[in-house]
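Thanks for coming, everyone. Please bring up the sequence and the model, and keep both in view while I talk.

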Amino acid sequence: MDTGKLLKVALPKGRLGEKVYEIFAAAGYPCDDVLDPNTRKLIFVNEQAGVCYFWVKPSDVSIYVERGAADIGVAGKDIILEYSPDVFELRDLHLGICRMCVAGKTDFKDNPANTLRVATKFPNIALSYYRRLGRDIDIINLHGSIELAPVLGLSDVIVDIVESGKTLKENGLVPLETIVPISARLIANRSAYQFKSEEINALSSELSKLI
């Protein structure tokens with residue numbers, strides 16, 4: 001499939017990606033079957049609109065864009081901060097709004113005399129945050145259900161994305177500090193932005209009218 005002349009867009013799988021596609025389609029870049037729940041296709045082309053979409057894991061979007069497999073994509077600010085991809089961050093899409101937080105038990109009191117044990121899926125964000133505070137920490141890398149860590153005594157606190165806070169509350173935890181607001185961002189490959197700047201800027205401009 002020759003997609004060289006088309007604008008190649010990496011969409012994050014899941015609810016966020018579906019919302020992103022709906023905005024792209026409303027901006028004049030629709031494509032048949034993208035949201036068809038019965039299809040197993042991963043690549044969708046609309047030559048008339050000049051666009052090619054493909055679904056990838058949310059944490060992989062920045063890799064596809066950085067490496068040039070995609071011209072543009074949509075990635076969460078958490079992914080951009082954690083992996084620092086060499087891409088252009090073009091626009092905040094104001095979707096997937098949440099925040100990166102430190103959370104812990106309701107009765108947690110930090111003792112600066114002790115090394116703080118921090119469980120997280122975002123070690124670089126956690127290290128950067130606590131480095132700015134001059135706080136000694138022990139990073140515990142986990143990949144799921146990190147709310148268990150403080151409950152079972154594995155860590156003192158966690159650093160994670162918080163949306164409603166319901167999961168924290170149900171596990172006896174509360175947000176203690178907000179590190180940074182998180183939302184979906186439109187990113188572009190640096191080379192593609194040079195050679196397809198007209199197309200990318202046109203799409204970005206249309207998106208700005210809808211967000």
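First, the ground rules. This is a predicted model, so local features need pLDDT of at least 70, side-chain atom pairs count only at pLDDT 80 or more, and totals for chains, interfaces and linings use all residues. Residues are numbered from 1 along each chain as its sequence is written, and side-chain values use heavy atoms, with hydrogens and water left out.

Now the sheet. Helices (H or I, at least four residues) and strands (E, at least two) are DSSP runs, numbered from the N terminus. Two strands pair if DSSP finds at least two bridges between them. Here five strands make an open sheet. The order is E8-E7-E9-E6-E10, and the pairing is mixed. Which strands stand at the edges? They are E8 (137-141) and E10 (173-182). Each has a single partner strand, so one side of each has no neighbour in the sheet. On average, neighbouring strands are turned by 30° against each other, direction ignored. For such angles, axes are lines fitted to C-alpha atoms, for helices over the stretch in contact; the angles run from 0 to 180 degrees between N-to-C directions.

Look at E6 and E9. Strand E6 covers residues 98-105 and strand E9 covers residues 157-162. The two run antiparallel, joined by six bridges. Val102 has Val159 in E9 as its bridge partner. Helix H4, residues 123-133, packs on this sheet. H4 touches E6, E7 (116-120), E8, E9 and E10, where contact means heavy atoms within 4.5 Å. The direction of H4 makes about 170° with that of E8.

Is Ala149 buried or exposed? Ala149 counts as buried, at 2% relative accessibility. The scale is this: buried is under 20% relative accessible area, exposed is over 50%, and partly exposed is in between, with a 1.4 Å probe and protein chains only. Leaving out residues up to four places away in sequence, Ala149 touches Ala119, Leu142, Leu154, Ser155 and Ile158. Ala119 is 30 residues from Ala149 along the chain, yet their C-alpha atoms are separated by 6.6 Å.

On to charges. Side chains of opposite charge can pair when their charged atoms come close. The cut-off for a salt bridge is a side-chain nitrogen of Lys or Arg within 4 Å of a carboxyl oxygen of Asp or Glu. How many salt bridges does the structure hold? Eight.

Take Asp71 and Lys196 to begin. Their closest N and O atoms are 2.8 Å apart. Asp71 sits in the loop between H2 (61-66) and E4 (72-76), and Lys196 in the loop between H7 (190-195) and H8 (197-208). That is 125 residues apart. Asp71 is buried at 5%, and Lys196 is buried at 13%.

Then Asp110 and Arg135, a salt bridge at 2.6 Å, N to O. Asp110 is in the loop between E6 and E7, Arg135 in the loop between H4 and E8. Asp110 is partly exposed at 40%, whereas Arg135 is buried at 14%.

Arg117 and Asp156 also meet in a salt bridge, 3.0 Å from N to O. Arg117 lies in E7 and Asp156 in the loop between H5 (148-151) and E9, so the pair ties together parts 39 residues apart in sequence. Arg117 is partly exposed at 29%, and so is Asp156 at 21%. There is a network too: salt bridges with shared partners join Lys77, Glu89, Asp92 and Arg185.

Last, the rings. Five aromatic pairs turn up in the whole structure. Rings of Phe, Tyr and Trp (its six-membered ring) pair if their centres lie within 6.5 Å; planes under 30 degrees apart are stacked, over 60 edge-to-face, and the rest tilted. Phe54 and Tyr64 are tilted, 5.8 Å centre to centre, with 50° between the planes. Phe54 is in E3 (residues 51-56) and Tyr64 in H2, ten residues apart. Phe54 is buried at 10%; Tyr64 is partly exposed at 33%. Phe88 and Tyr193 are edge-to-face, at 5.4 Å and 65°. Phe88 is in E5 (residues 88-92) and Tyr193 in H7, 105 residues apart. Tyr21, Phe24 and Tyr53 form one cluster.

Finish on Phe88. The charged end of Arg190 sits over its ring, 4.3 Å from the centre. The test is NZ of Lys or CZ of Arg within 6 Å of the ring centre and within 35 degrees of the ring normal.
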